[in-house]
Amino acid sequence: MKILAIGRNYVAHIQELQNEQPTEPVVFLKPDTALIQNNEPFYHPDFSHDIHHEIEIVLRVGKEGKHISPEFAARYYDQIGLGIDFTARDIQQRAKEKGLPWETAKAFNGSAPVSKFLPVAEFTDLKNLDFHLEVNGEVRQRGNSGLMIYDFDFIVSYLSRFFTLKAGDLIFTGTPAGVAAVKIGDTLVGFLAGKEMFRFEVK
Ligand code: MG
């Protein structure tokens, strides 16, 4: 399986990092070694002093497809969950300044913890999904899928022009404002549509 991710999909987050708003989705990938499941802990790596949490809605691809048009895109994801797109902001900043790729900042071991996944049918309105992240019991990030620049169907269609999507692939759809560093001992809890979806510790 592969993990695809969209960057800069919420205006308030673009502004907090003083990035330009893209005219097309910003896309990057993470390998399967980035995945953490079942509330396993995240081990803080020693190569960065500024690992940021980015809470994101994650789509799970249900069947293989490429060149999917937006009107049929909803047939290609069948489950929804949450994930953290952990980002070594210090490394990413240096890469951005030099116009270099982001892999060591975005795709390192354990950089993609994900929650359990729920069937799409359990949600009444995919364009109005509230989600938030609590760190040590305090709300750090709040988002709603209605605030995305590129919606789920557009993202699936866009990605499928470049990458064949396969059942089990995961798509991170971008983070809202409020990103900040995590530290050893933090407990991260993610909520989607009022349901607790994951709870894990930084070790
Ligand atoms: Mg992100």
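Arginine 89 counts as buried, at 7% relative accessibility (buried means under 20% relative accessible area, exposed over 50% and partly exposed in between, with a 1.4 Å probe and protein chains only). The model is a predicted one, in which local features need pLDDT of at least 70 and side-chain atom pairs count only at pLDDT 80 or more, while totals for chains, interfaces and linings use all residues. Residues are numbered from 1 along each chain as its sequence is written, and side-chain values use heavy atoms, with hydrogens and water left out.

Arginine 89 has a charged partner: its side chain meets that of glutamate 54 in a salt bridge, 2.8 Å from N to O (a salt bridge is a side-chain nitrogen of Lys or Arg within 4 Å of a carboxyl oxygen of Asp or Glu). Glutamate 54 sits in the loop between E4 and E5 and arginine 89 in helix H2, so the pair ties together parts that are 35 residues apart in sequence. Helices (H or I, at least four residues) and strands (E, at least two) are DSSP runs, numbered from the N terminus. Glutamate 54 is buried too, its relative accessible area being 3%. The pair belongs to a network of salt bridges linking Lys30, Glu54, Asp85, Arg89 and Lys106.

Glutamate 54 also turns up at the metal. The magnesium ion has Glu54 (OE), Glu56 (OE) and Asp85 (OD) as its protein donors, at 2.0 to 2.1 Å. Donors are N, O and S atoms within 2.8 Å of the metal (3.2 Å for Na, K and Ca), and since water is not among the atoms, sites may look incomplete. Along the chain, the magnesium donors follow the spacing E-x1-E-x28-D. Glutamate 54 and aspartate 85 come from distant parts of the chain, 31 residues apart: the glutamate from the loop between strand E4 (51-53) and strand E5 (55-61), the aspartate from the loop between strand E6 (77-84) and strand E7 (87-88). Both of these residues are buried.

Back to helix H2, which spans residues 89-98 and has Arg89, Asp90, Ile91, Gln92 and Ala95 buried. The cover over these buried residues includes helix H1 (11-16), E4, E7 and helix H3 (103-106). Glutamine 92, at 3% relative accessibility, counts as buried. Not counting residues up to four places away in sequence, glutamine 92 touches Thr87, Trp102, Ala105 and Lys106, where contact means heavy atoms within 4.5 Å. After H2 comes glycine 99, with a positive phi near 70 degrees.

Two of the sheets can be described next. E4 and E13 are joined by two bridges, and histidine 52 has alanine 181 as its bridge partner in E13. The other is an open sheet of six strands with mixed pairing, in the order E2-E1-E12-E5-E6-E9. Its edge strands are E2 (26-30) and E9 (118-119), each pairing on one side only. E1 (residues 3-7) runs antiparallel to E2, and five bridges join them; isoleucine 3 stands opposite lysine 30 in E2.

Helix H4 lies across E1, E2, E5, E6 and E12, running at about 95 degrees to E6; axes are lines fitted to C-alpha atoms, for helices over the stretch in contact, and angles run from 0 to 180 degrees between N-to-C directions. Leucine 4, found in strand E1, counts as buried at 0% relative accessibility. Leaving aside neighbours within four places in sequence, its contacts are Phe28, Leu29, Leu159, Phe163, Leu165, Leu170, Ile171 and Phe172.

A search of the whole structure finds nine salt bridges. One of them joins the side chains of aspartate 169 and lysine 2, at 2.6 Å from N to O. This pair links distant parts of the chain, 167 residues apart, with aspartate 169 in the loop between H4 and E12 and lysine 2 in the segment before E1. Aspartate 169 is buried, at 2% relative accessibility, and a polar atom of its side chain lies 2.8 Å from the backbone nitrogen of lysine 166. Beyond neighbours within four places in sequence, aspartate 169 is in contact with Met1, Lys2, Leu59, Arg60, Val61 and Thr164. Another salt bridge joins the side chains of lysine 183 and aspartate 186, at 3.0 Å from N to O, and aspartate 186 is buried, with a relative accessible area of 1%.

Methods. Polar contact = N/O pair within 3.5 Å; in protein donor to acceptor, adjacent residues only side chain to side chain. Pairing = 2+ DSSP bridges.
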